[in-house]
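Hello,

Here is the structure we talked about handing over. Please open it next to this email and follow along.

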Amino acid sequence: AASTCDGDYRTRWLYFGLFAWLQCSGRFMSLYYEAAGLTSAEIGIVFAAGSIVSPFMSAALGVLADRLAGSYGPGARLAVFYACILWSTVMFELQAVRWPGVSRFAVMLVCRVLIDCGRPVVLSLLDAVAVEGLADRERYGEERLYGAYSWAIAGIGIGALLDRFGMSVMHVCKPIAALGLGLALRHAGCPARRRAPLDSCSAAEAAADPSDGGTSQRPEPSGTSSSIRRLLWCYMSSPAKVSFFFYAITLGVGMTLVENLLFLFFRQLHATYLVCGLSVGVTVLFEIPLFALSKHLLGTFGARGCLVIAGLCYSIRVVAYTLVPGGAWVLFFEPMHGVTYAFWQTASVEVMASITPCELAATGQTFLGSLRGLLGTTTGNLAGGLVIDHYGEPALYRSAAVLVALGLCFYLPGTSRGGV
């Protein structure tokens, strides 16, 4: 059931299960923390504490997954993937426990750190499995769109349940979703090892020093430290790659403010939980066709063009949020979030796959997530909560639009001569 006649390993139902599991907390976590009595600044600190830890854990788990995959095959990445799911689910449930003499802020802070030891890496691990399992990696979006289906279904469903039963329903949905993902994993089976062709990074390394065949500056991929050195050499070897990573950080700040704090803004606009959930559904209505057409989009716009479109749509959308008269009006601008996310996800996975050695696939995908998490997500969470408390949500999202636009202005000249 996992493969087709062309040898592709199908991850679509794993994406479906994963995004249902992610949505059982997801954007609703800011509202969960608010219901627990946390201020906007405390909510930002809680999110930031997790995002400080997660890049280091994601990098370590990515290296571990690649090392195990080298010894036991690609299925080892899925074993690490599901172990992280189970760990994060258990840590999430601990938030419901009332600890005598311990403030709710302290409980949420510690639990968030423990949750983010495993949660942020799971998408990168699955992306690595998906890309490696496809004969044509430009078809990645065809698998990924199944995650968009479940993200929308779960978002609308949880929004309706929250209006009816309150925040406690999240502690029921999360383990059920983890169990469902385990069943999807069993159905998918184990991927076969696929030998990938020479990648662009390896070619760049070979050309590093023409006088000696490029061997003098080319680190060997043996050992964790050597693997990391090799990746850093790959990623810092051209202005185009450096500008890509800088743009990724700025967009990471902006996306964090949407994923973690936007529903607080929606509630200030008197949106119900159901409207919050419907906003996810509207987003996904536009993500689905874009993921389905991902190969065509990459062929038409290229990865660079897709990244530019993602940034432009983000800046226009968040400014529009600050101008609407009421909560339901945000639904008119949510399609642009679908465009931002689908274009960014499709293009960034393609970029990382094209510049990363195939034997370090999981490490490469987690590197981007770790970089965005450490510099982008942490900054967004800390600054976001403080700005909301002192200046309000409109000032926060208008500032985010300017920041992403600046990142885009830095990215465009850096890639004007081709490359990433």
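Predicted model: local features only at pLDDT ≥ 70, side-chain atom pairs only at ≥ 80, totals over all residues.

**Cavities**

Start with the inside. Rolling a probe the size of a water molecule over the atoms shows where empty space is left. A search of the whole structure turns up 2 cavities of 30 Å³ or more.

The largest cavity has a volume of about 1,100 Å³. Its lining is made by 46 residues, and the closest to its centre are Arg 119, Pro 120, Leu 123, Glu 259 and Arg 372. Which helix gives the largest share of this lining? Helix α15, residues 361–391, does, with 9 residues. By class, the lining of the largest cavity holds 16 nonpolar, 20 polar and 10 charged residues.

The second largest cavity has a volume of about 50 Å³. Ten names to click on here: Val 131, Arg 137, Glu 138, Tyr 140, Gly 141, Leu 298, Thr 346, Val 349, Glu 350 and Ala 353 line it. Two elements give two or more residues each to this lining, α7 (140–165) and α14 (335–355). The largest share, 4 residues, comes from α14. By class, the lining of the second largest cavity divides into 5 nonpolar, 2 polar and 3 charged residues.

**Surface and loops**

Val 90, Leu 94, Val 97, Trp 99 and Val 102 make a nonpolar surface patch of about 390 Å². Take Val 102 as one of them. Val 102 sits in the loop between α4 (75–93) and α5 (104–115). Its relative accessible area is 41%, so Val 102 is partly exposed.

Next, find His 270. His 270 lies in the loop between α11 (239–268) and α12 (273–292). His 270 is not a glycine, yet it has a positive phi of about 70 degrees. Is His 270 buried or exposed? His 270 counts as exposed, because its relative accessibility is 73%.

Then move to Leu 183, in helix α8 (residues 170–188). Leu 183 counts as exposed too, at 56% relative accessibility. Leu 183 and Trp 13 are 170 residues apart along the chain, and their C-alpha atoms are separated by 9.8 Å.

**Salt bridges**

How many salt bridges does the structure hold? There are 10.

The side chains of Arg 27 and Glu 259 meet in a salt bridge, at 3.7 Å from N to O. Arg 27 is in the loop between α1 (12–23) and α2 (29–35), and Glu 259 is in helix α11, so the pair ties together parts that are 232 residues apart in sequence. Arg 27 is buried, with a relative accessible area of 2%. Glu 259 is partly exposed, with 22%.

The side chains of Glu 132 and Arg 77 meet in a salt bridge at 2.4 Å, N to O. This pair links distant parts of the chain. Glu 132 is in helix α6 (residues 121–133), Arg 77 is in helix α4, and they are 55 residues apart. Are these two buried or exposed? Glu 132 counts as buried, because its relative accessibility is 18% and the cut-off for buried is under 20%. Arg 77 counts as buried at 3%.

The side chains of Lys 295 and Asp 136 meet in a salt bridge at 2.7 Å, N to O. Lys 295 lies in helix α13 (residues 294–321) and Asp 136 in the loop between α6 and α7, so this pair ties together parts that are 159 residues apart in sequence. Lys 295 is partly exposed, with a relative accessible area of 37%. Asp 136 is partly exposed, with 22%.

Last, a network. Salt bridges that share partners join Arg 10, Arg 12 and Glu 143 into one network.

Best wishes

Conventions: Residues numbered from 1 in each chain as written. Heavy atoms only, no water. 1 Å grid on protein atoms, 1.4 Å probe; cavity = no way out; pocket = protein on both sides within 12 Å on 5 of 7 lines; lining within 4 Å. Points joined across faces, edges and corners; volume = space filled by probe spheres on them. Nonpolar A, V, L, I, M, F, W, Y, C, P; charged D, E, K, R; others polar. Patch = residues over 30% accessible without salt bridge, like charges linked within 9 Å, V, L, I, M, F, W, Y side chains within 5 Å. Areas by Shrake-Rupley, 256 points an atom, 1.4 Å probe, with all protein chains shown as cover. Salt bridge = Lys/Arg side-chain N within 4 Å of Asp/Glu carboxyl O. Buried < 20%, exposed > 50% of the residue type's maximum accessible area, 1.4 Å probe, protein only.
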